[in-house]
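Student: Before we discuss the terms used for this protein chain, may I see its sequence and model?

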Amino acid sequence: MGDQPKEKPDLDTDAYLVKRCQEGNKQSFRQLYQRHQQRVRSTLYQLCGTSCLDDLVQEVFLRAWKGLPKLRETAHFSTWLYRISWNVASDRRRQFAVETRNFAFLQQNATNALPSQQESPTLMHLHYEDLVQRGLQQLSFEHRAVLVLHDLEDVPQKEIATILSIPVGTVKSRLFHARTSMRQFLQQQGVQI
């Protein structure tokens, strides 16, 4: 009768680790950090660039640690963590305003010459990474966030809507406009798409 075995919790889920964290287990938070830090870092890099990247990642996980006791939907930890990343990136964006103006000035003076065919593949790869990064910088922050989360981080549109607190239709619209702007930028830089 009452002797049915209890179901064992899946010890490898975010939800289990979050509950352990909420009980004060720091090792579980370390596991969550190790599991998610690369995606957080990648997202912040695409949204904010390399400036202060380590500090931004640290800020995300500090806010996560402080906010964990209030997290109710433990199964949605990654969505919640993306939301924190978005907030940290938005805060940093305001600080970037002056730096962006300086960057735009330097960009106007930079040459747009394409590398010669003799350059090594590594240099070509770096060149295209730089082009993508510059293309992302010319997008509005809202469009860049949707493009980074969907096309570079493979986050589903519905989850992006939750992270950014916008309707799915707005996600689709921003994604369309971001891709169009990025395509135009790359074509202006001589990239054939």
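Predicted model: local features only at pLDDT ≥ 70, side-chain atom pairs only at ≥ 80, totals over all residues.

Student: What makes up the secondary structure of the chain?

Tutor: The chain contains eight helices and zero strands. Helices (H or I, at least four residues) and strands (E, at least two) are DSSP runs, numbered from the N terminus. Along the sequence the pattern reads α-α-α-α-α-α-α-α.

Student: How do you know the confidence in the chain, and where is it lowest and highest?

Tutor: The predictor's confidence in each residue is given by pLDDT, from 0 to 100. For the chain the average is 82, and 79% of the residues score at least 70. Confidence is lowest in H4, with a mean of 73, and highest in H3, at 94. Over residues 111–119 the pLDDT is below 50, and beyond near neighbours in sequence this stretch has eight contacts in the model; contact means heavy atoms within 4.5 Å.

Student: What makes Phe29 and Trp65 an aromatic pair, and of which kind?

Tutor: Rings of Phe, Tyr and Trp (its six-membered ring) pair if their centres lie within 6.5 Å; planes under 30 degrees apart count as stacked, over 60 as edge-to-face and the rest as tilted. By this rule the count comes to five aromatic pairs. The ring centres of Phe29 and Trp65 are 5.0 Å apart and their planes stand at 65°, so this pair is edge-to-face. Phe29 belongs to helix H2 (residues 26–48) and Trp65 to helix H3 (residues 53–67), so the pair ties together parts that are 36 residues apart in sequence. Phe29, Tyr33, Phe61 and Trp65 form one aromatic cluster.

Student: Why is the pair of Phe77 and Trp80 called tilted?

Tutor: The centres of Phe77 and Trp80 are 5.8 Å apart, with 45° between the planes. Phe77 and Trp80 are three residues apart in helix H4 (residues 77–109), so about one helical turn separates them. Phe77 has a relative accessible area of 0% and is therefore buried, whereas Trp80, at 21%, counts as partly exposed.

Student: How do you know that the buried residues of H1 lie on the same side?

Tutor: In helix H1 (residues 14–22), Asp14, Ala15, Leu17, Val18 and Cys21 are buried. They cover an arc of only 165° around the axis, which puts them on the same side of H1. The arc is that of the directions from the helix axis to the C-beta atoms. H1 is followed by Gly24, which has a positive phi near 100°.

Student: How do you know the span of H6 against the expected value?

Tutor: Helix H6 (residues 141–152) has twelve residues, and the distance from its first C-alpha to its last is 15 Å, close to the 16 Å expected at 1.5 Å a residue. The expected span is 1.5 Å times one less than the number of residues. Buried residues in H6 are Phe141, Arg144, Ala145, Val146, Leu147, Val148, Leu149 and His150.

Student: Why are Asp154 and Ser165 called exposed?

Tutor: Asp154 has a relative accessible area of 63%, so Asp154 is exposed; Ser165, at 56%, is therefore exposed as well. Asp154 lies in the loop between H6 and helix H7 (157–164), and its phi is near 60°, a positive value in a residue other than glycine. Ser165 lies in the loop between H7 and helix H8 (168–188), and has a positive phi of about 60° although it is not a glycine.

Student: What makes Leu53 buried, and which residues does Leu53 contact?

Tutor: Leu53, in helix H3, has a relative accessible area of 11% and is therefore buried. Leaving aside neighbours within four places in sequence, Leu53 is in contact with Arg41, Leu44 and Tyr45.

Definitions and conventions. Residues numbered from 1 in each chain as written. Heavy atoms only, no water. Buried < 20%, exposed > 50% of the residue type's maximum accessible area, 1.4 Å probe, protein only.
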